[in-house]
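I opened my notebook to look up a few spots in this structure, one at a time. Come along and check each entry against the picture.

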Amino acid sequence: MKKGIVWFRNNLRVPDNEALTRALRECDDVLCVYILDTRTWNASVEAPRMGSVRAKFILESLHDLQGEIEELGGSIEFVSGRAVDEIPSLMESFGADRCYAQKEDAWEETEEERLLSNRINLILTGGKGIWEEADLPFALNDLPAVFSSFRRKVEKKMQIRSVFQSPKSIVCSWNSTTELPILTSLSFEDYPKDERAVLDFRGGAREAKKWMNQWIWERDCLKEYKETRNGLVGADYSSKLSPWLSIGCISAVEVYWEIKKYEEERVANESTYWLFFELLWREFFRFVARRYGAGIFKRHGIKDAIERATLGDPKTFKRWKEGRTPNAFVNANMIELATTGWMSNRGRQNVASYLVHDLGQDWLSGARHFEQHLIDYDPCSNYGNWMYLGGVGNDPRPNRAFNLEKQAEYYDPDETFRKLWLA
Ligand SMILES: Cc1cc2nc3c(=O)[nH]c(=O)nc-3n(C[C@H](O)[C@H](O)[C@H](O)COP(=O)(O)OP(=O)(O)OC[C@H]3O[C@@H](n4cnc5c(N)ncnc54)[C@H](O)[C@@H]3O)c2cc1C
């Protein structure tokens with residue numbers, strides 16, 4: 001009898017899950033596990049990497065995942081520690097000789113894969129994005145330096161796989177010995193919901209599908225996405241799928257096929273294309289992360305330069321974090337982030353540009369602040385975008401400073417957004 005483990009990472013879903021599909025095909029007895037990595041799941045340090053909003057969202061997603069797995073007859077363990085230590089010991093107890101997991105893109109995650117594969121038979125699968133490295137029409141080392149060239153090379157030539165069907169059942173002889181922790185037992189503080197939030201985000205693959213269905217079909221927002229996507233207030237201006245995409249409650253491939261279905265059944269226009277275009281940015285930053293490894297977390301980014309000393313001073317940085325700068329548009333965005341874990345794409349670009357170019361502060365500190373607070377934090381997209389705005393990434397124009405006054409006037413002409421958060 002072949003026994004295998006499925007290690008759930010940023011693929012917290014049962015549908016379209018290649019690691020799970022493969023394990024069920026190749027093994028007779030399959031146990032699932034999620035590792036609460038103590039480097040991230042640590043609320044008691046001075047600057048935790050993850051705040052309460054994201055922690056809560058992930059715990060909700062794990063609860064949903066556990067429900068789906070158990071309904072199919074399976075079992076999932078929740079273990080605190082490091083995968084490199086915990087997975088080998090769980091495999092030994094269960095009697096498994098292999099572990100299946102989704103391949104990740106960022107440095108720390110790929111390092112964990114490397115260390116773990118020195119100890120056990122680790123079978124890595126795709127699933128994080130639309131394409132895998134092997135699908136690219138060029139070697140990773142030849143990744144185009146700028147997005148437009150990447151897009152031109154990939155989008156026409158490359159095919160997009162179909163989704164993996166959900167399994168009908170999971171055979172598992174193991175009874176789970178652990179329970180899913182709750183927010184406060186992990187030392188995170190519970191926080192009140194704010195009625196001004198763009199959406200009441202709830203974690204889980206089923207919630208992701210529910211929202212995608214509402215936004216695309218019921219609210220019919222996709223058909224005008226290109227015009228609304230720079231909005232600041234409310235649920236409809238953009239898809240709001242990023243929190244679910246970042247931890248894999250839904251896959252980018254599932255979103256892609258939903259766009260195609262909408263194009264066939266309702267309308268195909270510039271807006272429907274544009275949602276795919278944005279998913280290509282996500283792909284681009286995934287491959288940038290793979291290509292440059294730890295480089296994207298360094299102050300000099302992926303530019304060939306010597307690490308510069310930290311610029312700026314702590315007081316100015318603190319005022320930015322707390323939304324107490326001289327700029328009301330920045331403050332409104334920063335307060336939205338601190339209160340809800342969300343900020344629009346327009347907001348993110350402006351506050352990042354302001355921090356770096358107007359306040360002369362360190363982009364890396366800004367990126368780390370986002371890492372802690374964003375509900376949709378993703379290492380590749382976050383550090384990729386921050387490097388871009390900090391002038392140490394892929395932007396062909398090194399000093400990409402926004403004119404904040406103009407931006408606020410154009411995107412928040414009657415100050416609805418500023419009034420909402422600064423009232
Ligand atoms: C400084 C900065 C930091 C960011 N940090 C993150 C992050 O940690 N996690 C994250 O998911 N996105 C990040 N983004 C990208 C972008 O702001 C968000 O993906 C987007 O606002 C999420 O809202 P949405 O799902 O409604 O996006 P939509 O406009 O509906 O776009 C659909 C999807 O495309 C992808 N996407 C859109 N824009 C980008 C982009 N510029 N880069 C990469 N992917 C994109 C996302 O997966 C998004 O869910 C950051 C952008 C900036 C400027």
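**Entry 1: Asp 105**

I listed the contacts of Asp 105, leaving aside its neighbours within four places in sequence, and found Thr 110, Lys 128, Arg 286, Ala 289, Arg 290 and Cys 380. Contact here means heavy atoms within 4.5 Å. I note that this is a predicted model, in which local features need pLDDT of at least 70 and side-chain atom pairs count only at pLDDT 80 or more, while totals for chains, interfaces and linings use all residues. Residues are numbered from 1 along each chain as its sequence is written, and side-chain values use heavy atoms, with hydrogens and water left out.

I found Asp 105 in the loop between strand 4 (98–102) and helix 4 (107–117). Helices (H or I, at least four residues) and strands (E, at least two) are DSSP runs, numbered from the N terminus. Is Asp 105 buried or exposed? Asp 105 is buried, as its relative accessible area is 1%. Buried means under 20% relative accessible area, exposed means over 50%, and partly exposed is in between (1.4 Å probe, protein chains only).

Then I looked up its polar partners. The side chain of Asp 105 makes a polar contact of 2.8 Å with the side chain of Arg 286, and another of 3.4 Å with the side chain of Lys 128. A polar contact is a pair of N or O atoms within 3.5 Å; within protein, one must be able to donate a hydrogen and the other to accept it, and residues adjacent in sequence count only if both atoms are side-chain atoms.

**Entry 2: Glu 77**

I went to strand 3 (residues 76–81), where Glu 77 lies. Glu 77 is buried, with 1% relative accessible area. Which side chains make polar contacts with that of Glu 77? I wrote down Trp 174 at 2.5 Å and Ser 176 at 3.4 Å. Leaving aside neighbours within four places in sequence, the contacts of Glu 77 include Leu 31, Val 33, Leu 90 and Thr 178. I also checked His 63: its C-alpha is 12 Å from that of Glu 77, and the two are 14 residues apart in sequence.

**Entry 3: Arg 98**

Arg 98 lies in strand 4. I have Arg 98 down as buried, because its relative accessibility is 13%. Its side chain is joined to that of Asp 97 by a polar contact of 3.0 Å. Beyond its neighbours within four places in sequence, Arg 98 is in contact with residues including Lys 2, Glu 26, Met 91 and Ile 123.

**Entry 4: helix 5 and helix 10**

Next I compared two helices. The axes of helix 5 (residues 147–155) and helix 10 (residues 270–292) come within 10 Å and cross at roughly 110°. Axes are lines fitted to C-alpha atoms, for helices over the stretch in contact, and angles run from 0 to 180 degrees between N-to-C directions. Helix 5 and helix 10 are therefore roughly perpendicular to each other. Angles under 35 degrees count as roughly parallel, over 145 as roughly antiparallel, 65 to 115 as roughly perpendicular and the rest as oblique.

Which residues of helix 5 meet helix 10? They are Phe 147, Phe 150, Arg 151 and Glu 155, and among their partners in helix 10 are Tyr 273, Phe 277, Trp 281 and Phe 287.

**Entry 5: the ligand**

I counted in the ligand too: 27 residues surround it, and the closest are Tyr 225, Ser 238, Ser 239, Lys 240 and Asn 345. A residue is near a molecule or strand if one of its heavy atoms lies within 4 Å of it. An N or O atom in the side chain of Asn 345 is 2.8 Å from an oxygen atom of the ligand. A backbone N or O atom of Asp 378 is 3.1 Å from a ligand oxygen atom.

**Entry 6: Asp 16**

Last, I looked up a backbone angle. Most residues other than glycine have a negative phi. Asp 16 has a positive phi, near 45°. I found Asp 16 in the loop between strand 1 (3–8) and helix 1 (18–26).
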